[in-house]
Amino acid sequence: MPASVPAGPRSRAVRALSLVALTTTVLFATACASGSGAAPEDDPTAAIPLPGPEDGGAGTGAGPGTSDSADDAARPSDGPGAGDGAADGPLGTRVVLIDPGHNGGNAEAPDEINAMVSAGPERKACDTVGAESGDGYPEHEFNWDLALLVKERLEADGATVVLTRDDNESVGPCIDERAAIGNETEADAALSIHADGAPASGRGFHVIAPGEVDGFTEDIVEPSRLLAEDLRREYREGSGIPYADYLDGDGLDERTDLGGLNLSTVPKVFLEAGNMRNEEDAALLSDPAWQEEAADAIARGLAVYLMRE
Ligand SMILES: [Zn+2]
């Protein structure tokens, strides 16, 4: 219900505090050892002042997203989908792929969108138009808006974030290309953002992890499952949306038919953030204040996973 959501977007300082709390749980040893006295509320514009992998002595190699110029050169650097270069922060060596599902131009390009492409062992349509709420809020727009909010948060923590599309007016890319972008980026984690088009009577969210597909997903099943669990927990807490009541699995699903997962060589999950066709979910999904909260939760879920190592 909208009434359960705070009246306005939380400030970055508040977000920083929530990630501090999260990190003191996950990385308490590092946090305690750092002796950092930086109080996030002192500077609301500052990136979250946490001990990152560099400070903790782990992962100090020239991993993705470091300030090493050779690494930077190897990263995509054009368009809004690219990070602004390595930044300081707890996620400073991490690269995240965010894939906002569908695209605003898909409906006008049926030939392109219906073309068959590889989806792993089988072939599927390049993409689809996506779902829509009862009052006409399109899923592609929701996915895009939420992706930008999540990107902003991860970048504030120092991560390099790559998007699979540059705007919400174009066509595609196809599902196989979306996977390839994450693979070429060598993302540490990849998230495809969607909202479901299930029967209107059902509500709730679920996270989809790749199931075992011979010759395709063996290497990503295990890490993707961890990513799915971290995301499910944080999203459940932060979004106020329950586990999908039209599926079994307590908000976790495993699928072997999604090209975006089958073709990924990096840990990847889909978030079906709610059911666009359900009135109660749609009221939240279309609420800008709720989107800020949801983006906080998604960024936290990704951050917990990225700081596991
Ligand atoms: Zn979708």
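His-140 has its place in helix 6, where helices (H or I, at least four residues) and strands (E, at least two) are DSSP runs, numbered from the N terminus. The model is a predicted one, in which local features need pLDDT of at least 70 and side-chain atom pairs count only at pLDDT 80 or more, while totals for chains, interfaces and linings use all residues. Residues are numbered from 1 along each chain as its sequence is written.

His-140 is buried, because 26 other C-beta atoms lie within 10 Å. A residue counts as buried if 20 or more other C-beta atoms lie within 10 Å of its own, exposed if 12 or fewer, and partly exposed in between, with C-beta atoms placed from the backbone. Leaving aside neighbours within four places in sequence, His-140 is in contact with His-102, Asn-103, Gly-104, Asn-106, Gly-130 and Asn-168; contact here requires C-beta atoms, placed from the backbone, within 7 Å. Gly-105 is 35 residues from His-140 along the chain, and their C-alpha atoms are separated by 9.4 Å.

On the helix 6 side, Asp-145, Leu-146, Leu-149, Val-150, Arg-153 and Leu-154 meet residues of helix 11, including Ala-295, Ile-298 and Leu-302.

Ile-298 and Leu-302 turn up again in the largest nonpolar core, which has 57 residues; they are among those with the most contacts inside it, together with Val-96, Val-269 and Leu-271. Helix 11 gives the largest share of this core, eleven residues. Such a core is a set of buried Ala, Val, Leu, Ile, Met, Phe, Trp, Tyr and Cys residues joined through C-beta atoms within 7 Å. Beyond four places in sequence, the contacts of Leu-271 include Leu-191, Phe-205, Tyr-235 and Ile-298.

Overall, the protein has eleven helices and eight strands, and buried residues make up 49% of its 309 residues. Among contacts between residues at least 6 apart in sequence, 82% join residues at least 24 apart.

Notes: Contact = placed C-beta atoms within 7 Å.
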